Amino acid sequence: MKLNYVFLFLSDPLDSRIPDVEYEKEYKIASKYFSVGLINQERLFEDNVITITYKISNDDIIIYRGWMLKPQLYDRLVTYVEKNGAKMFTNLSEYDYTHLIPNWVKDNSNHVKTKWTIDLSDKSIIKLLEEFNGAVTIKDFVKSRKYE
């Protein structure tokens, strides 16, 4: 069985046929190498309804690319995907764990090692990762810091 990775992006809030402007470049690049689809952003956030332009199949592994969702809404997406025979790349437990920083602290030390960079070159990222031991979470864009 060949796995098919599918990237689901949020649609533009005013035109559900095109990707959200913030994800437009990524959508175009992803579509060259993977299957892509759009989740109707307005229906998702206004009505809590999952509407997708891509027909999900059993061999699909779905990767969500969009604004952070509350865990309850991400759960709806997981349920929708699983009802259509596919799997999410990031399951609900993993999503919930990484959604809120307090979940990251295992030893009650209330300290999470973080680094901030604007240099996204391969050399810079490799050097940055060498400063950590074990698993890391990379946030590619944080809306609250978009001015940086």
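Analyst: Buried here means under 20% relative accessible area, exposed over 50%, and partly exposed in between (1.4 Å probe, protein chains only). This is a predicted model, in which local features need pLDDT of at least 70, side-chain atom pairs count only at pLDDT 80 or more, and totals for chains, interfaces and linings use all residues. Residues are numbered from 1 along each chain as its sequence is written, and side-chain values use heavy atoms, leaving out hydrogens and water.

Because 5 of its 7 residues are buried, strand 1 is largely enclosed by the rest of the structure. Strands pair if DSSP finds at least two bridges between them. Strand 1 runs parallel to strand 3 (residues 60-65), with 6 bridges, and Leu8 stands opposite Tyr64 there. Strand 1 also runs parallel to strand 2 (residues 35-39), through 5 bridges.

Now the aromatic rings: Phe, Tyr and Trp (its six-membered ring) pair if their centres lie within 6.5 Å, with planes under 30 degrees apart stacked, over 60 edge-to-face and the rest tilted. The structure holds 8 such pairs. Tyr5 is partly exposed at 32% relative accessibility, while Phe89 is exposed at 51%. Phe9, by contrast, is buried at 0%.

Conventions:
Helices (H or I, at least four residues) and strands (E, at least two) are DSSP runs, numbered from the N terminus.
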